[in-house]
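Have a look at the structure first, then read on.

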Amino acid sequence: MPRKIVWKYIKDEKVLENAIPSCRSFVQSSPGLYQAEIDINIGPLKDVFTLEVKLEKEQVLSYYHLLLQGKGNLGEISGNAHLFFKDQQGSTQLTIQSEVKITGALSGAAERVLKGGSNKGIEKFFLSLEKEIKKEIYLLRKGKGR
């Protein structure tokens, strides 16, 4: 999809709530600040994490930087992500650089998952994100969108 469309919807809380796996809620509490609840299931470990996601810096249509803080009963998570958007033959190339730190009982299991399968989770998120963006565009064309 064109970069202008991806840029618009990748920060839309309804689109993100529907695209993030196991997301219970994702709400913008103020400009650039989001509150989320996400179910975490790693093997026998299950928890609900309350997260704060902050859009720290942005360069319209080309870059933004996110900060993430959260906690659940099994530990805490903090991290950041740099997202770079580039045009590529009528579509968008999105490059992500991220760091995540997990503490508590969840840290050992999460480290094994991150080393073994984090790309699958990221791929699933972006496939869901694309689907949600296309759904929003379809609803707009039908006069039912936001």
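A contact, or a touch, means heavy atoms within 4.5 Å. With that cut-off, and not counting residues up to four places away in sequence, F85 touches R3, V6, W7, I10, L61, S62, Y63, Y64, T92, Q93 and L94. Bear in mind that this is a predicted model, where local features need pLDDT of at least 70, side-chain atom pairs count only at pLDDT 80 or more, and totals for chains, interfaces and linings use all residues. Numbering starts from 1 along each chain as its sequence is written, and side-chain values use heavy atoms, with hydrogens and water left out.

**Overall layout**
- The protein comes to three helices and six strands, where helices (H or I, at least four residues) and strands (E, at least two) are DSSP runs numbered from the N terminus.
- Reading along the sequence gives you α-α-β-β-β-β-β-β-α.
- Of the contacts in the protein with a separation of 6 or more, 40% are between residues 24 or more positions apart.
- The accessible surface is about 9300 Å², and carbon and sulfur atoms own 52% of that; areas come from the Shrake-Rupley method with a 1.4 Å probe, and for residues only the protein chains shown count as cover.
- Buried residues make up 32% of the 146 residues, with buried meaning under 20% relative accessible area, exposed over 50%, and partly exposed in between (1.4 Å probe, protein chains only).

**The core**
- A nonpolar core here is a set of buried Ala, Val, Leu, Ile, Met, Phe, Trp, Tyr and Cys residues joined through side-chain atoms within 4.5 Å.
- The largest one has 29 residues, and I20, F26, Y64, L83, F85 and L129 have the most contacts inside it.
- At least two residues each come from α1 (3-9), α2 (13-19), β1 (23-30), β2 (33-42), β3 (45-59), β4 (63-72), β5 (75-88) and α3 (106-141).
- The biggest giver is α3, with five residues.
- In soluble globular proteins, nonpolar side chains tend to be buried together.

**The second largest pocket**
- M1, V6, I10, T92, L94, I96, F126, L129, E130 and I133 line this pocket.
- On a 1 Å grid over the protein atoms alone, a pocket is an open set of points where a 1.4 Å probe fits, with protein on both sides within 12 Å along at least five of seven lines, and lining residues have an atom within 4 Å of a point.
- Its space is about 240 Å³, taken as the space filled by probe spheres set on the points, which are joined across faces, edges and corners.
- Both β6 (91-104) and α3 supply at least two lining residues, and α3 has the largest share, with four.
- The lining splits into eight nonpolar, one polar and one charged (Ala, Val, Leu, Ile, Met, Phe, Trp, Tyr, Cys and Pro count as nonpolar, Asp, Glu, Lys and Arg as charged, and the others, Gly among them, as polar).

- Most residues other than glycine have a negative phi.
- S22, in the loop between α2 and β1, has a positive phi of about 60° and is partly exposed at 41% relative accessible area.
- L61, in the loop between β3 and β4, has a positive phi of about 70° and is partly exposed at 30%.

**N18 and α2**
- N18 lies in helix α2 and counts as partly exposed at 39% relative accessibility.
- N18 and L129 are 111 residues apart in sequence but 7.8 Å apart in space, C-alpha to C-alpha.
- Leaving out residues up to four places away in sequence, N18 touches E132 and K135.
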